[in-house]
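Subject: Structure handover

Hello,

Here is the structure I promised you. Please open it and keep it beside this email as you read.

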Amino acid sequence: MSKDLEKGLSRGLTNYGDKDFSIYLRRSFALSMGYSKSVLKKPIVGIANSFSGFNNCHRHFPELLESVKRGVLLAGGLPIEFPTISLGEVFLSPTSLKFRNLMSMDTEEMISAQPMDAVVLLGGCDKTVPAQLMGASSADIPAVQLVAGPMMTSRHKEQRLGACTDCRRFWADYRANKVTSEEINLIEGRLATTAGTCAVMGTASTMACISETLGMSLPGTAAIPAVHADRLRAGEASGIIATKLIENPIKPSQIITEKSVENALRVLLALGGSTNAIIHLTAIAGRLGINVNLKKLNQLSDTTPVLVNLKPVGSDYMEDFFYAGGLGAVLRELKPLLHLDTLAVTGETLGDRLEQDSGYVDRKIISKFSDPLEKQGGLVALFGNLAPRGAILKRSAADETLFENEGRAIVFKSLEDLANRIDDPELDINKEDFIVLQNAGPKSSSGMPEAGYLPIPKKLSAKGVKDMVRISDARMSGTAFGTIVLHVTPESAVGGPLALVQTGDHIRLSVKEKKIELIIDEEELKNRSEAWSNSEPSLEKRRGYDRLYASEVGQADEGCDFSFMLPVRSLKKSTGKKIEIK
């Protein structure tokens, strides 16, 4: 069979032992869909569509899909849409992260198994973009990421509202009896009023910016609002580029490199972006054998300023960021720190892009490098005997008066324990204490939910307490804020030091020294470790994907990916055994 027959509909033929019969049979079934024989000779651009009735962020995808198809047709290709599972953040139980790896596998296998020469990835809601980038990286055919775009803000009285930083702020006020039941019900209907992802620099918008920085999305597309006409033009342009990549292929493995990943980390820090992005970028990079080191993150964070004044770090919203100059303006400010020879799907380098006219930049939204919002990056990794392999703090969204601190641990054994006791009037807790949640990491039955934004006890919030040090092996939404230590690794469910903390122990936090330490005698810690037993259900009591996830998911510093999804040369045996404390 000639090389020409290995493209388009003839790509990846089902093997019946007779290649001519295989293409003959495939064409006959394709013709049943109404295609002409001439159309079936065209190169095929697959469109991975993550639309779902359980994903409000993707409500506009039917229209966006048509714009992509138009672009493919204009460039001479044949667009063929195919579905994958979708991850609607607030509609999934126990947490969307648990299904990110499943969606990445779905995406990879459908790209690889079906006849397509390039693919456009339609995603947006928090975990869909990393899942698609993970899958596309592993499949490694030309791919273009097209994101949903952020929703527009709404109004409540004189205040602008945007999901979901404002929903957390008002809910905290409601718990503190500062907002009535009637008003919180009104606010509920005004927080999210258009299609699109959260209106702040949460995980979805952070990952959109990371995708564009990596070079997997078209320049200037990360921040376009979901309902803006430019979003449809971005769809058309993405279809055109994907089709052109067939003749002049640039694969994800040529775009996602150590240099582009470092650029993405710089941008993450400058945005004051989501803590979740560390896990996702680690997983995306890991699919190509690239390691994201948390100590390297700290080196970058010390030299990368926060430049973007958006919630939850600042005061504005994604639509403001779009009109202020968007990601391009941020990249130009960071130019001296970036690797400019990285490649994008357009075929141009980052340096080529930044030579173009920057246009208008609103300095109230995007600061100059010489006059930053904050002098150091938004995220910092903490290490110590409580987190030997690291933990993450979003310092740009935290109370710096709590950064150098020692407190008494108030321990909750699980999310159920937290829900049952946090608002108990008899709970022995004060504002100087550290709230500690155990058993909320990736191997726990909760699957590492966005529960790290632990509630302030009602009896303290009613007195005006707005922030406390909170520590867990869970995650938190990119829209959340507070002095919250997350992703403590190793996690409680594998016997990490967090599992050994008891109420009354003292913990020392030092952001300056990048440390999180349990102040306890080493002998006592060893005794507790020897006495520890896992309270999570055994694998034998779990089934299906739940069992696969619990068995194979990696720790937070490994991107919570499955070890068997890494490149073969990078495979690590996952034992799931208790971590020894030394």
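Valine 345 sits in the loop between helix H14 (326-334) and helix H15 (350-354). Helices here are DSSP runs of H or I with at least four residues, strands are DSSP runs of E with at least two, and both are numbered from the N terminus. Valine 345 is buried, at 2% relative accessible area. The cut-offs are these: buried is under 20% relative accessible area, exposed is over 50%, and partly exposed is in between (1.4 Å probe, protein chains only). Now find alanine 113. Valine 345 and alanine 113 are 232 residues apart in sequence, and their C-alpha atoms are 23 Å apart in space.

Two notes before you go on. This is a predicted model, in which local features need pLDDT of at least 70 and side-chain atom pairs count only at pLDDT 80 or more, while totals for chains, interfaces and linings use all residues. Residues are numbered from 1 along each chain as its sequence is written, and side-chain values use heavy atoms, with hydrogens and water left out.

The whole chain

The protein chain has 19 helices and 14 strands. Its radius of gyration is 24 Å, close to the 25 Å that the globule rule gives for 582 residues, so the chain is as compact as a globular protein of that length. That radius is taken over C-alpha atoms, and the rule is 2.2 Å times the number of residues to the power 0.38. Along the principal axes, the C-alpha atoms fill a box of roughly 75 × 55 × 50 Å. Of the 582 residues, 59% count as buried.

Salt bridges

A search of the whole structure finds 37 salt bridges. Each is a side-chain nitrogen of Lys or Arg within 4 Å of a carboxyl oxygen of Asp or Glu.

Look at arginine 389 and glutamate 558. Their side chains meet in a salt bridge (3.7 Å, N to O). Arginine 389 lies in strand E8 (residues 387-394) and glutamate 558 in the segment after helix H19 (544-552), so the pair ties together parts that are 169 residues apart in sequence. Arginine 389 is partly exposed at 30% relative accessibility. Glutamate 558 is partly exposed too, at 34%.

Aspartate 467 and arginine 470 also form a salt bridge, at 2.6 Å from N to O. Aspartate 467 is buried at 17% relative accessibility. Arginine 470 is buried at 3%.

Next comes helix H18. Arginine 528 and glutamate 524 both lie there, four residues apart, about one turn of the helix. They form a salt bridge, with the closest N and O atoms 2.9 Å apart. Arginine 528 is buried at 12% relative accessibility, whereas glutamate 524 is partly exposed at 32%.

There is also a network of salt bridges. It links Glu89, Asp126, Lys127, Glu450 and Arg475.

Surface patches

Which residues make the nonpolar surface patch of about 350 Å²? They are Tyr16, Phe21 and Tyr24. Patch residues have over 30% relative accessible area and no salt bridge; like charges are joined within 9 Å, and nonpolar side chains (Val, Leu, Ile, Met, Phe, Trp, Tyr) within 5 Å. Areas come from the Shrake-Rupley method with a 1.4 Å probe; for residues, only the protein chains shown count as cover. Tyrosine 16 lies in the segment before helix H1 (19-31). Tyrosine 16 is partly exposed, at 48% relative accessible area.

Best wishes
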